[in-house]
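Open your viewer and get ready to select a few pieces one at a time. We will walk through them together.

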Amino acid sequence: MDSKEFRQAGYRLIDWVADYLDHAERHRVLPQVQPGEIGARIPAAAPDKGQDMAGILDDFERDILPGVTHWNHPRFFAYFPANNSGPSILGELLSAGLGVNAMLWQTSPAATELEQKMMVWLAGLIGLPAGFHGVIQDTASTATLCALLCAREKATGYAFNARGPEAVDPDRPLRIYCSTEAHSSVIKGARIAGFGDRNIVTVAVDSDRTMDPADLQARIEADRKAGCIPCCIVATVGTTSTTAIDPLAKIGPIARREDLWLHVDAALAGSAAILPKKRWILDGIEHADSLVFNPHKWLFVNFDCSAFYVRDPGHLERVMAIDPAYLQTDRDDQVTNYRDWGIQLGRRFRALKLWFVMRSFGADRLRAMLAAHIALAAEFKGWVEADPDWELLAPVPLNTVCFRHHPAGFDGGDEELNRLNKALMDRVNAAGRIYLTHTVLDGRFTLRMSIGQTGTKRRHVEEAWRELRTTAAGDPGA
Ligand SMILES: Cc1ncc(COP(=O)(O)O)c(C=O)c1O
């Protein structure tokens, strides 16, 4: 591809993306394809001869686009937002154009120093107290794994890294504490870090689904009596199912008193701390050893971009750093080499898109956008509560509403309601105008409205509510 063809295809693609974002609503949110259907359209092997870009883009529209789920559709209410924005896409493009590998300071000084500054900017936006040091990771799952590895090494005096699993006496296993509502990445991280599923202690939650500090304390004490070694608490600020906010101000002192690593998983909700009214969600964060939140979920930075903060980067480096001759540089004692702050060596230049987003939006606009999402969720909650045929199933501290269809006078039990709500969700999603997903709360099949896409306005939320009600009313099975 010469630069002329690159420009032509590039202009066409920028136009395509701009039109796409302007008119995402033209698409069904969830594609209507069967497993294998898209794969069958793609040849079994790579072509021997190069093909022209115009044809490739045509094929994208014909063969790939029909199988795309439109995460940036304004009526995407499933899972969690993965919101996007023009400045972020341009930052990503520039990063791809530069093709930088930010593994060492020397492999692109600007990438490291911009990343350091962006982590300071973000920390300022969410009101993080002084003393935290940030690094961009690909995902919250990776950041949580890093935190668990740090906790493991702290608890074993770096012996696990040196000696492997035999550093831990099988009769005195290391224990991790998280609530029953913690994300699956905690379990996956604990497996990879060698703790073992049976050493993940699930702490009870209160009626609002936040971690019960008294139960946490009791479980730590019971473990100590049994000879186990309490190692790490993972608190969740914004649980995946309901965005419940674990009380850091109560959990933190337990972690300090018991000398445990406290990792805070604020993957979705952390972004909300940019709002002065929501800053309380991080009350007690001063007790944490590490924190992760995802600008790629709810801060208009496209996937992927997770902000990982640690209190003691020296400890992180001691756990992660391996120093082969081929990676050493003359400046190693003067600079930060982010290769030592995470799992992979090669690192993308993600700070560019963060820089673009924070400068282009400005903090005021970012705050206004998040506040609008939260206000829409509060409004939707009000509609559910006011309608006798619907039932709210969890508190709504942020952008996610958990609810179900429960027709007035319906005298079947939960099992029947579960069937009814699953059928309703399937029908609504199959119609393609909105997309929402579910969770299960105390055995109850629960619909979730997660409001946070960049283009989502009040009318989209109204449309979703109308769609849900008319589908429920029109279909005796739903
Ligand atoms: C609370 C919580 N933690 C972690 C994750 C995983 O995030 P990531 O995809 O960045 O690993 C999620 C995603 O849903 C989440 O809700």
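Here is the tour, stop by stop.

This is a predicted model: local features need pLDDT of at least 70, side-chain atom pairs count only at pLDDT 80 or more, and totals for chains, interfaces and linings use all residues. Residues are numbered from 1 along each chain as its sequence is written.

**The sheet.** Show the strands (DSSP runs of E, at least two residues, numbered from the N terminus). You will find an open sheet of seven, ordered β1-β7-β6-β5-β4-β2-β3, with mixed pairing; two strands pair if DSSP finds at least two bridges between them. Now select β1 (133-137) and β3 (200-203): they stand at the edges with a single partner strand each, so one side of each has no neighbour in the sheet.

**Inside the sheet.** Next, pick β4 (residues 229-236) and β5 (residues 261-265), which pair in the parallel sense over five bridges. Ile233 stands opposite Leu262 in β5.

**Around the ligand.** Select Thr139, Ser141, His183, Thr240 and Ala267, which come nearest of the 15 residues around the ligand. A residue counts as near if its C-beta atom, placed from the backbone, lies within 6 Å.

**Phe77.** Is Phe77 buried or exposed? Phe77 is buried, with 28 other C-beta atoms within 10 Å; the cut-offs are 20 or more for buried, 12 or fewer for exposed, and partly exposed in between, with C-beta atoms placed from the backbone.

Key:
Helices (H or I, at least four residues) and strands (E, at least two) are DSSP runs, numbered from the N terminus.
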